[in-house]
Amino acid sequence: MRLLMTAVLLLTTLLTSSLSLALETGDKAPGFKLPLLTQKGQLSLASYKGKVVYVDFWASWCGPCRKSLPLLNELRAELKGQGFEVLAINLDEDIKDARAFLKEFPVSYPTLYDGEGKTPTAFGLRGMPTSYLIDRQGRIQSVHQGFKPSDISKIRAEVIQQLKQK
């Protein structure tokens with residue numbers, strides 16, 4: 001199943017990469033409104049206007065996500081009071097897989113579900129995991145493809161730099 005999901009994501013990425021370019025630093029982040037994964041309701045990126053937001057695309061079959069979600073949870077706990085938020089967008093085909101993953105690796109930040117895959121297409125996602133640091137004005141300030149634990153110090157520095165901007 002994981003191999004199939006990886007193949008589907010790669011094929012989708014290849015097909016859509018010629019139709020939509022991946023977003024880069026300075027681009028306006030596309031708006032989205034998605035259902036919450038573990039509770040009722042929806043969240044939109046627009047509701048976080050004026051905050052620094054780290055949008056993280058993940059899936060239960062993504063090995064690096066097992067490391068990134070807990071470390072992002074720690075970063076969010078440290079900086080939330082300064083106007084920082086993490087929004088994690090799950091791309092699993094089956095929502096049950098995503099919920100099972102979060103039972104094993106719980107986080108306190110909002111987790112959203114995009115079973116249709118519209119949001120990664122809007123962002124021009126090219127691989128998993130990929131994350132976007134969005135400034136207070138809604139512009140992408142950095143794009144992080146892949147994840148290893150040592151990346152969190154660079155991410156933390158970038159977030160702190162954005163939090164200092166008004």
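**Close-up views of a predicted model**

**View 1. The lining of the largest cavity.** Tyr54, Asp56, Ser68, Leu72, Pro129, Ser131, His144, Gly146, Phe147 and Ile155 form the lining of the largest cavity. Two elements, strand S3 (52-58) and helix H2 (65-79), each give two or more residues to this lining. A cavity is a set of points on a 1 Å grid over the protein atoms alone where a 1.4 Å probe fits but cannot get out, and lining residues have an atom within 4 Å of a point. The volume of the largest cavity is about 40 Å³, and a search of the whole structure finds one cavity of 30 Å³ or more. Volume here is the space filled by probe spheres set on the points, which are joined across faces, edges and corners. Five nonpolar, four polar and one charged residues make up the lining of the largest cavity. Asp, Glu, Lys and Arg count as charged, Ala, Val, Leu, Ile, Met, Phe, Trp, Tyr, Cys and Pro as nonpolar, and the others, Gly among them, as polar.

The model shown in every view is predicted, with local features needing pLDDT of at least 70 and side-chain atom pairs pLDDT 80 or more, while totals for chains, interfaces and linings use all residues. Residues are numbered from 1 along each chain as its sequence is written, and side-chain values use heavy atoms, with hydrogens and water left out.

**View 2. The fold of the protein chain.** Five helices and seven strands make up the secondary structure of the protein chain. Along the sequence, these elements follow the pattern α-β-β-β-α-β-α-β-α-β-β-α. Helices (H or I, at least four residues) and strands (E, at least two) are DSSP runs numbered from the N terminus. The protein chain has 166 residues, of which 49% are buried. Buried means under 20% relative accessible area, exposed over 50%, and partly exposed in between (1.4 Å probe, protein chains only).

**View 3. The largest nonpolar core.** The largest nonpolar core contains 48 residues, and Phe32, Phe57, Trp58 and Phe84 touch the most other members. Two or more residues come from each of S3, H2, strand S4 (84-90), H3, strand S5 (111-113), strand S6 (130-134) and H5. Strand S3 gives the most to this core, with six residues. Such a core is a set of buried Ala, Val, Leu, Ile, Met, Phe, Trp, Tyr and Cys residues joined through side-chain atoms within 4.5 Å. In soluble globular proteins, nonpolar side chains tend to be buried together.

**View 4. Phe84 in strand S4.** Phe84 has its place in strand S4. With a relative accessible area of 0%, Phe84 is buried. From C-alpha to C-alpha, Phe84 and Ile134 are 10.0 Å apart in space, although 50 residues apart in sequence.

View 5. In one of them, Glu104 pairs with Arg66, and the closest N and O atoms are 3.8 Å apart. This pair links distant parts of the chain, 38 residues apart, with Glu104 in helix H3 (residues 95-104) and Arg66 in helix H2. Glu104 counts as exposed at 54% relative accessibility, whereas Arg66 is partly exposed at 29%. Another salt bridge joins the side chains of Arg156 and Glu78 (2.3 Å, N to O). Because Arg156 lies in helix H5 (residues 151-164) and Glu78 in helix H2, the pair ties together parts that are 78 residues apart in sequence. Arg156 is partly exposed at 35% relative accessibility, and Glu78 is partly exposed at 40%.

**View 6. The salt bridge of Asp151 and Lys148.** Between Asp151 and Lys148, the closest N and O atoms of the salt bridge are 3.3 Å apart. Asp151 counts as partly exposed, with 21% relative accessibility. Lys148 is likewise partly exposed, with a relative accessible area of 48%.

**View 7. The disulfide of Cys62 and Cys65.** The structure holds one disulfide, a pair of cysteine sulfur atoms within 2.5 Å. Cys62 and Cys65 form this link, with their sulfur atoms 2.5 Å apart. The link of Cys62 and Cys65 is right-handed, with 80° about the S-S bond. Cys62 is buried at 4% relative accessible area, and Cys65 is buried at 0%. A disulfide is a covalent bond between the sulfur atoms of two cysteines.

Technical notes: On a 1 Å grid over the protein atoms alone, a cavity is a set of points where a 1.4 Å probe fits but cannot get out, and a pocket is an open set with protein on both sides within 12 Å along at least five of seven lines; lining residues have an atom within 4 Å of a point. A salt bridge is a side-chain nitrogen of Lys or Arg within 4 Å of a carboxyl oxygen of Asp or Glu.
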